[in-house]
Amino acid sequence: MKDFVFQNPTKIIFGKGKISKLGEEVVKTSKKVLLVYGKGSIKENGVYDQVISSLKSYGIDFAELSGVKPNPVLSKVHEGVDLARKEQVDGIIAIGGGSVIDSSKTIAAGFYYEGDIWDAFIGKYKAKKSLPIYVVLTISATGSEMNGGAVITNEKTKQKYSFWSVKSYPRVSILDPSVQFSLPKIQTANGAADVIAHVLELYFDGSRNVQIMDEISEGIVRTVIDSTNILIKTPDDYEARANLVWSATLALNGINGTGRSGGDWASHAIEHSLSALYDIAHGSGLAIIMPAWMRYTYKEDVEKFARFANKVFGIDELDHEKAAIMGIDRLKDWYKSIGLPVSLSDAKIPVESVDKIVENAAMRTPFGRLKKLQPSDVKEILNLCV
Ligand code: NZQ
Ligand code: ZN
């Protein structure tokens, strides 16, 4: 196990009806906030009304930025920074999933930065200050509700990049699993694929002697599979939803990376190129890329891939190479079974696009820890996805 420092400042309030606690938390730092949300789901499922009612009962004033799209874009962040300054807010409330939370984190950092906050994504600026951020989570996938990361697409340059800052952790995140009953099945499935990918990026990074972390990781993957199987049939099963919600947070709140080597993250890098170019949902992109990456790299650590097959799918095959492949195939079949695409053609992305995706990814190669990938490797992986 490697040495590590672990600290996570986000307070989690978990449970049914807990959005009513929002005002009580926000009033500790803020008098007027910017509400950031997406294209309207929160107005249909009652979350918006719950938020407003809690803020009003504590006399908190607000302005609103709506219309954040999945795969959120830099121009919307700029609009948010301008609005936050004009309205002189002293806090931000993100009501949504990763796209809304990441936009909010970027607006919160951009509020204090004279230049273009895109600088934080290209290593020209380290976010030193941020407005306080509060989250009402409505879709579980990214773990953004309890980490300091944000992913934004610069639509002009077609770069989907991330930044991380210790200042960008939400102060408080409210996780009410019941507000996710309204998710379309495909969004629940996208979220599940993202959670599994976060676990596996860390699990397959070549670390040794991290038994406790491996057991936690395998437990999260099994729980995600079991809960999602229930939710695809019964979207309003509270206990299954609650287990999926907390699995998603635990997968990327820092705990899961402790003692390890930092994670591989090549599948995420390739997927981000895919969604920068084709606007595919992040989870769907990962369902295509991750099994192909596993196929391409399993020989670097056959034992670990065989362990995964055994611990997650109960595959008891003595030939470890065979077991490794069986585990990868089972994961891919499971993605298919919950309605996710597992090839570029499933996602209606033309086969001829491979070179374009490689070119986009090549802005950042080499990446990956289990196997360092060059553009030619990325191309081989994409060729396994057609
Ligand atoms: O816009 P609305 O109408 O709200 O609809 C949203 C959106 O279309 C809908 N939705 C959310 N909650 C709902 C709901 N529909 C019905 N009922 C509800 N309760 O779901 C759609 C997807 O939302 P989005 O926020 O895009 O999903 P997700 O949480 O998967 O976020 C994806 C983004 O996060 C980034 C991804 O790359 C992608 O841009 N990531 C962020 C990370 C981080 N900050 O740590 C790490 C991840 O690896 C990831 O890269
Ligand atoms: Zn992800």
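Me: Does serine 227 count as buried or exposed, and at what relative accessibility?

Reply: First, some conventions: this is a predicted model, in which local features need pLDDT of at least 70 and side-chain atom pairs count only at pLDDT 80 or more, while totals for chains, interfaces and linings use all residues. Residues are numbered from 1 along each chain as its sequence is written, chains are lettered from A and ligands numbered from 1 in the order in which they are written, and side-chain values use heavy atoms, with hydrogens and water left out. Buried means under 20% relative accessible area, exposed over 50%, and partly exposed in between (1.4 Å probe, protein chains only). Serine 227 has 4% relative accessibility and therefore counts as buried.

Me: Where is the place of serine 227, and with which residues is it in contact?

Reply: Helices (H or I, at least four residues) and strands (E, at least two) are DSSP runs, numbered from the N terminus. Serine 227 belongs to helix 7, residues 211-233. Contact means heavy atoms within 4.5 Å. When neighbours within four places in sequence are left aside, serine 227 is in contact with Ala240, Asn243 and Leu244.

Me: How is the pairing of strands to be read, and which strands pair with strand 5?

Reply: Two strands pair if DSSP finds at least two bridges between them. Strand 4 (residues 92-96) runs parallel to strand 5 and is joined to it by five bridges. Within this pair, alanine 94 stands opposite valine 135. From strand 4 the chain passes through helix 5 (residues 98-110) to strand 5, a right-handed β-α-β crossover. A crossover is right-handed if, with the strands pointing away from the viewer, the path from the first strand over the helix to the second runs clockwise. Strand 5 also pairs with strand 8 (residues 172-175), in the parallel sense and over four bridges; there tyrosine 134 stands opposite valine 172.

Me: Which residues of strand 5 lie on each side, and are they buried or exposed?

Reply: Ile133, Val135 and Leu137 are on one side, Tyr134 and Val136 on the other, and all are buried. Strand 5 covers residues 133-137, and five of its five residues are buried.

Me: Which way do the residues of strand 8 point, and which strand is joined to strand 8 by four bridges in parallel?

Reply: Val172 and Ile174 point one way, Ser173 and Leu175 the other, and all are buried. Strand 1 runs parallel to strand 8, with four bridges joining them. Isoleucine 13 has isoleucine 174 as its bridge partner in strand 8.

Me: What lies in the segment before strand 1?

Reply: Threonine 10 lies there, strand 1 being residues 11-14. With 7% relative accessibility, threonine 10 counts as buried. Apart from neighbours within four places in sequence, its contacts include Glu145, Tyr169, Val172 and Ser173.

Me: Where does helix 10 bend, and by about how much?

Reply: The bend at a residue is the angle between axes fitted to the seven residues ending there and the seven starting there. Helix 10 bends by about 25° at isoleucine 288, and proline 291 follows within four residues. Helix 10 is mostly covered, with 14 of its 16 residues buried.

Me: Which residue has phi near 60°, and where is its place?

Reply: Asparagine 209 has phi near 60°, a positive value in a residue other than glycine. Asparagine 209 is in the loop between helix 6 and helix 7 and is exposed, with a relative accessible area of 66%.

Me: Which peptide bond is cis?

Reply: The bond from threonine 365 to proline 366 is cis, with omega near 0°. Proline 366 lies in the loop between helix 13 (354-361) and helix 14 (375-383).
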